[in-house]
Amino acid sequence: MSALELANVTKRYGSVLAVDDAVLDVPAGSFVCLLGPSGCGKTTLMRMIAGLETPTAGTIRFNDETINDRPVHRRDFGMVFQSLALFPHLSVGENIAYPLKIRGRPRAERDARVVELLDLVRLPGVADRPVAQLSGGQRQRVAIARALAVSPKLFLLDEPLSALDAKLREAMQVELRQLQERLGITTIVVTHDQREAMTMADTIVVMKGGRIQQMDRPIDIYRRPANAFVADFLGQTNLLTAHAADGGATIADAPVPGLTLPAGVATAQISIRPEDVSVEREGAAPLPATVEFVRDMGSAVEVYLATAAGRIVAQRAAGRNDLMVGDAVSLALDPAAIVVFPAGASA
Ligand SMILES: Nc1ncnc2c1ncn2[C@@H]1O[C@H](COP(=O)(O)OP(=O)(O)OP(=O)(O)O)[C@@H](O)[C@H]1O
C-alpha cells in the first residue's frame, strides 16, 4: 500500500520551475532517498511533502487523504534538517521532550519517552547533559530522537548527515537504516551523496533540473540507468558512442562482440561501468588502449586508459596491479553490462 502519493506535483518560484510534474508513490514502511545535484529540486519536493511549501499544481496524498492544504503541525510528520535546529540552552532530555511538552503531555510520560528514545538512538543516560557538550554524531542522534518523539507517521530528513565527517557519516547511515527497519516507519531522506543513497534506500529517486529522472531499487538504477545523467551521477561510468555496423556495433571502429543497437539506430550513447571493462594484453581484445594512470585503492585497482573513443576507466580486482603507465593493452567490454541509451534519453 502507498503511504504517500504525489500526482503531477509542480512548484514554481516566479520563473524558476523548482519541481516539474513529480509523480511518486512511496510504499508504507519503505525508505526512499531523493538524490540529485545541488539545485535539482529535492529540498523543495521534501518541503512540499512536509507542508512547509504549497505546490503550485498537483496533489499530495497521505494514507489516501489529500493533504495539500493541511498545515505542518497537523501532518504528524517527524523532521530532521541539516541544521538540526536543536535548542542549545536546553538539555538533551528537554530537547527530545519538547514536541511532547507543546502537546501538553504529562511530565512522567515525557521522562519515560526520553529514556526510551535515547536507548533507541544508542545514547543512554545523557538526558541531563547540555546539548552544547555533545559531539556532532551525538547531536545527530538527539535530533533524530526528538523527531521520533511523537511517533510520526512519516519521517522526513533533509541532508541529515552532511555536517559529519566521512567515517561517522557512513556509520550513521547504517544506523539510520537499521533504526528505520526496527520502527518500520516510512522514511524519505534528501541527499546529494550517491553512496549514502545506495547504503540506506530501498528506492532511490534521482532528480535533475526539477524533474524525476528515475525511480528504482538502488541496484537497478546502478545496473539499468534510464539515461546518461543517471549513469554518471550514480557511481562511476564510461559514456561512449557506439555505431551500428554489419549487424553488430563498433566503438571507435573497434567491433564490440555481442553488442547490437536497436533496429533503425545508427549511433547511440552507451554506458559501461569500470568493473565491466577488462584489460587484456595488446591485440587480445578489439579496442587498443594505453595505460595513463593506475590507482591502487587496496580494495580494487582502477586503471585509466587512453583510447580512440576517449578515456576509459577499468576496475580490476584487488592486487591485480601489474600494469605500468605507457603499457599498450587492449580492452574487452562485457556486452551484457552495456546499457544503450535511446536517442533523447541523455536528459
Ligand atoms: N524560496 C525560493 N525562492 C526562489 N527560488 C527558490 C526557492 N527555493 C528554491 N528555489 C530554487 O528552486 C530550485 C530548486 O531548489 P532546491 O533547494 O529544491 O534544490 P536542492 O536540490 O535541494 O539543492 P541543494 O542540494 O543545493 O539544497 C533552485 O533553482 C533554487 O534556486
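This is a predicted model: local features need pLDDT of at least 70, side-chain atom pairs count only at pLDDT 80 or more; totals for chains, interfaces and linings use all residues.
Visitor: Where is the place of Ser-15?

Guide: Ser-15 sits in the loop between β1 (2-13) and β2 (16-27). From Gly-93 it is separated by 78 residues in sequence and, C-alpha to C-alpha, by 45 Å in space.

Visitor: How many residues does the protein have, and what percentage count as buried?

Guide: The protein has 347 residues, and 38% count as buried; the criterion is 20 or more other C-beta atoms within 10 Å. Its C-alpha trace spans about 80 × 45 × 35 Å along the principal axes, and the protein has 8 helices and 20 strands.

Visitor: Which residues are around the ligand?

Guide: They are Tyr-13, Val-16, Ala-18, Gly-36, Ser-38, Gly-39, Cys-40, Gly-41, Lys-42, Thr-43, Thr-44 and His-192. Two or more residues of this shell come from each of β2 and α1 (42-50), and α1 gives the most, with 3 residues.

Visitor: How do the residues of the shell divide into nonpolar, polar and charged?

Guide: The shell holds 4 nonpolar, 7 polar and 1 charged. Gly counts as polar and Lys as charged; Lys-42 is one of the residues around the ligand.

Visitor: Among contacts between residues at least 6 apart in sequence, what percentage join residues at least 24 apart?

Guide: For the protein, that percentage is 65%.

Definitions and conventions
Residues are numbered from 1 along each chain as its sequence is written. Helices (H or I, at least four residues) and strands (E, at least two) are DSSP runs, numbered from the N terminus. A residue is buried if 20 or more other C-beta atoms lie within 10 Å of its own, exposed if 12 or fewer, and partly exposed in between; C-beta atoms are placed from the backbone. Two residues are in contact if their C-beta atoms, placed from the backbone, lie within 7 Å. A residue is near a molecule or strand if its C-beta atom, placed from the backbone, lies within 6 Å of it.
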